[in-house]
Amino acid sequence: GGKHSFYVEFTFNERGKQTLDGINAFSSFPFGFFTRFKRIDTKATFIVFPELKKGELLEHQFKYGYPFQDRTSFGFGLNEEIVSLRDYVHGDPLRLIHWKLSAKTSDLIVKNLRSSTEGSIIIDFDRMQMGDIEERLKYATYAIFEAKNKKIPVGLKLKGRIFEPTLSKAKILEMLKELALYEA
């Protein structure tokens, strides 16, 4: 009659929007004498990212990348010069919250800092020459994860749309969703 939480891992065969229509739960309690079975009716929708495939894309982007012409941009940044203030968006780093102003207004306010795109990369999906579309999606997804893990601001150019280089988890998640839903 109690509740129990547990971790469930699913593997999907393709990227994009996927739906889970229910779960079959099995238990061999007590002592493995018999197996109990219960169907848990639940409906959940997920966005499945492309498979990660290691490639030379990150190194290629550093050599021949698609940098912004203007080396200074305004938005999420790493340097300490405050350019403007804005409302908090889920995923913004806590260190960017302007605590004094947030306490006065009772809303979370975030500092936009001047950032240099020096050392950042933009993955230009439209100009990638490696493999078919699915292969390019796998390489681009891997490159975004690698850049994020190495704390390198990463951006994406996809279908003429440019996502500026960033380290923001929310913005990186937005890029990954775009890749997952590409022509799906």
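User: Hi! How many strands form the open sheet with the order 8-9-10, and what is the pairing?

Analyst: Three strands form that open sheet, in the order 8-9-10, and the pairing is mixed. Two strands count as paired if DSSP finds at least two bridges between them. Strands here are DSSP runs of E with at least two residues, helices are runs of H or I with at least four, and both are numbered from the N terminus.

User: Which strands stand at the edges?

Analyst: Strand 8 (121-124) and strand 10 (161-166) do, and each has a single partner strand, so one side of each is left without a neighbour in the sheet. On average, neighbouring strands of this sheet are turned by 15° against each other, direction ignored.

User: Before we go on, what kind of model is this?

Analyst: This is a predicted model, where local features need pLDDT of at least 70, side-chain atom pairs count only at pLDDT 80 or more, and totals for chains, interfaces and linings use all residues. Residues are numbered from 1 along each chain as its sequence is written, and side-chain values use heavy atoms, with hydrogens and water left out.

User: Thanks. Back to the sheet: do strand 8 and strand 9 run parallel or antiparallel?

Analyst: Strand 8 and strand 9 (residues 154-158) run parallel, joined by four bridges. Ile122, for instance, has Gly155 in strand 9 as its bridge partner.

User: And in which sense do strand 9 and strand 10 pair?

Analyst: Strand 9 and strand 10 pair in the antiparallel sense, over four bridges. Leu158 has Arg161 in strand 10 as its bridge partner. The two strands form a hairpin with two residues between them, and Lys159 in the turn has a positive phi of about 55°.

User: Where do helix 3 and helix 4 lie on these strands?

Analyst: Helix 3 lies across strand 8 and strand 9, running at about 170° to strand 8. Helix 4 lies across strand 9 and strand 10, at about 145° to strand 10. Axes are lines fitted to C-alpha atoms, for helices over the stretch in contact, and angles run from 0 to 180 degrees between N-to-C directions.

User: At what angle do helix 3 and helix 4 pack?

Analyst: Helix 3 (residues 133-149) and helix 4 (residues 169-180) pack at about 170°, with their axes 10 Å apart. The two helices are therefore roughly antiparallel to each other, a label for angles over 145 degrees; under 35 counts as roughly parallel, 65 to 115 as roughly perpendicular and the rest as oblique.

User: Which residues meet there?

Analyst: From helix 3 there are Leu137, Ala140, Thr141, Ile144, Phe145 and Lys148, and they meet Ile172, Met175, Leu176 and Leu179 of helix 4. By class, that contact has eight nonpolar, one polar and one charged residues. Ala, Val, Leu, Ile, Met, Phe, Trp, Tyr, Cys and Pro count as nonpolar, Asp, Glu, Lys and Arg as charged, and the others, Gly among them, as polar. Contact means heavy atoms within 4.5 Å.

User: Is Ile172 buried or exposed?

Analyst: Ile172 is buried, with a relative accessible area of 3%. Buried means under 20% relative accessible area, exposed over 50%, and partly exposed in between (1.4 Å probe, protein chains only).

User: What does Ile172 touch?

Analyst: Not counting residues up to four places away in sequence, Ile172 touches Ile144, Lys148, Val154, Thr166 and Leu167. Ile172 and Ile144 are 28 residues apart in sequence, and 7.7 Å apart in space, C-alpha to C-alpha.

User: What does the side chain of Thr166 reach?

Analyst: The Thr166 side chain reaches the backbone nitrogen of Ser168 at 3.0 Å. Thr166 is in strand 10 and counts as buried at 6% relative accessibility.

User: New topic: where does Lys151 lie, and what is its phi?

Analyst: Lys151 lies in the loop between helix 3 and strand 9. Its phi is near 60°, a positive value in a residue other than glycine. Lys151 counts as exposed, at 63% relative accessibility.

User: And where is Ser106?

Analyst: Ser106 sits in the loop between helix 2 (99-105) and strand 7 (109-116). Phi of Ser106 is near 65°, again positive in a residue other than glycine, and at 66% relative accessibility Ser106 counts as exposed.

User: Last one: how many helices and strands does the protein chain come to?

Analyst: The protein chain comes to four helices and 10 strands. Buried residues make up 33% of its 184 residues.

Notes
Polar contact = N/O pair within 3.5 Å; in protein donor to acceptor, adjacent residues only side chain to side chain.
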